[in-house]
Amino acid sequence: MTDADGLIRNPASLAVPQIGRLLETGEVAEPYRLLDPEGHLVVPTAVFFANLQASSKLATTIRSYGMDLLRWYRFLWAVKVPWNQATRAEARDFSRWLQLADKPVRVHWRHQRKGIEADVVPAQRGSRKAPGSPNPVTGRPTPGSKYAATTRAHCETVLRSFYDFHLEEGTGPIVNPFPLDRSRRAGRAHAHHNPMDSFRPERQGRYRPKVPKRIPRRIPDELFNALFAALKYNRDRALLAFWVSTGARAEELLTSREKDALPGQQLIGVTRKGTLAYQQVPASTDAFVWLRLTQEDAWRKGAPRGRGHTLWWTLRRPWRPLNYHAARAMLNRANDLLGSNWTLHDLRHTAAYRMARDPKMSLTDVQWVLGHAHLSTTEIYLAASQEEVIEQVLAHHARREREQMRPPAPAPGYNSASLDVLFGPAE
């Protein structure tokens, strides 16, 4: 509960330097390594990553876990506490520090070449919106300067599982620094669960923040048309058409190869993110038209072709398969033209809303297309979107204003036709 001087630690004044790093190795057996400030491998995290890979976790999942562990190790290096001697006091102060600290500013490579410091870069971007302010086009707030509740909740879960693993292996502290909530530790989870009811979270960390429930955000048709028109290349239009018609995740569509596209059947094969299962999903006719134009452009420039090659290439030499980060940069360029902040996942939400709100399409069919494990996940798209709710409420206020402006009905005994002659017809 105290620091080295015997005083209660103040996370708000704690300086956590950005030392150490998560290295992407490019190796299948060890995709990521966590390195200490001297560049040495952090062995406890390497063993944990190997256990994750043995549990069939994807490399992207290992990267996500590694970023949370990097934040934790940086905090421990700042307070000079070894990882296996961390107590619940350090876990508590780390959770407080995540709430109070500002996120580190990522310096663009152009600024790094010029030698500009990280804390100087935001001041030079006066045209950008303040952190956390809503976007005028989409209504979605921009990323704030603090760590989001979802990030802090994910970090708490990762660190609790990290210490649970080493506790079972006998290589870590005998007490997990990130315990479960005291009122929920006793007994077996869901011991008296009614099979007719949905499962509720009964195992929650003591330092886990409350995460607000987010409503999926779709792109309205008129704004989607503007976004589609802002794209510059046929490849980008083909990607957008496939995303919004198949409902596939952004990274799932990027796994497709030439042999997976079947225009005659209007099917395209993707590899699902969670199960890694191969699935053919239907797509719109327009998507295959844009795909053919994309292939003609790429082949004319000398891009590789063949059934085993990817469908999506970079636009310039050397030819490389398009990855998720490049696809997101493509969408961000269109967002900059429109002043919006749509994301790639909004395209999946848009496709889900369109299919789920179609009365001639069953919800189980939508579940199969989206690859949801539970039907309850698909049901969230049955509710009205935020834009529809706002439109209905505004229409409600307009109707009430018209009713208040309407003149009252004549009292009993008066002839309404005579009153119209005297005072004019009521509008």
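The structure is a predicted model. Helix H2 spans residues 59-79, helices H6 and H7 pack against each other at an angle of about 155°, and strands E3, E4 and E5 form an open sheet.

**Helix H2**
- H2 has 21 residues, and the distance from its first C-alpha to its last is 30 Å.
- That reach is close to the 30 Å expected at 1.5 Å a residue.

**Helices H6 and H7**
- H6 covers residues 221-229 and H7 covers residues 234-246.
- Their axes lie 10 Å apart, at an angle of about 155°.
- Because angles over 145 degrees count as roughly antiparallel, H6 is roughly antiparallel to H7.
- On the H6 side, the contact is made by Phe224, Leu227 and Phe228.
- On the H7 side, Arg237, Leu240 and Val244 make the contact.
- The contact residues comprise five nonpolar, no polar and one charged.
- An α-helix has 3.6 residues a turn, so residues three or four places apart point the same way.

**Sheet E3-E4-E5**
- The open sheet has three strands in the order E3-E4-E5, with antiparallel pairing.
- Strand E3 (261-262) and strand E5 (278-282) are the edge strands, and each pairs on one side only.
- Strand E4 consists of residues 267-271, and its antiparallel pairing with E3 runs over two bridges.
- Leu267 in E4 stands opposite Leu262.

How values were computed: Residues numbered from 1 in each chain as written. Predicted model: local features only at pLDDT ≥ 70, side-chain atom pairs only at ≥ 80, totals over all residues. Heavy atoms only, no water. Helix = DSSP H or I, 4+ residues; strand = E, 2+ residues; numbered from the N terminus. Expected span 1.5 Å × (residues − 1). Axes fitted to C-alpha atoms, helices over the stretch in contact; angles between N-to-C directions. Parallel < 35°, antiparallel > 145°, perpendicular 65-115°, else oblique. Contact = heavy atoms within 4.5 Å. Nonpolar A, V, L, I, M, F, W, Y, C, P; charged D, E, K, R; others polar. Pairing = 2+ DSSP bridges.
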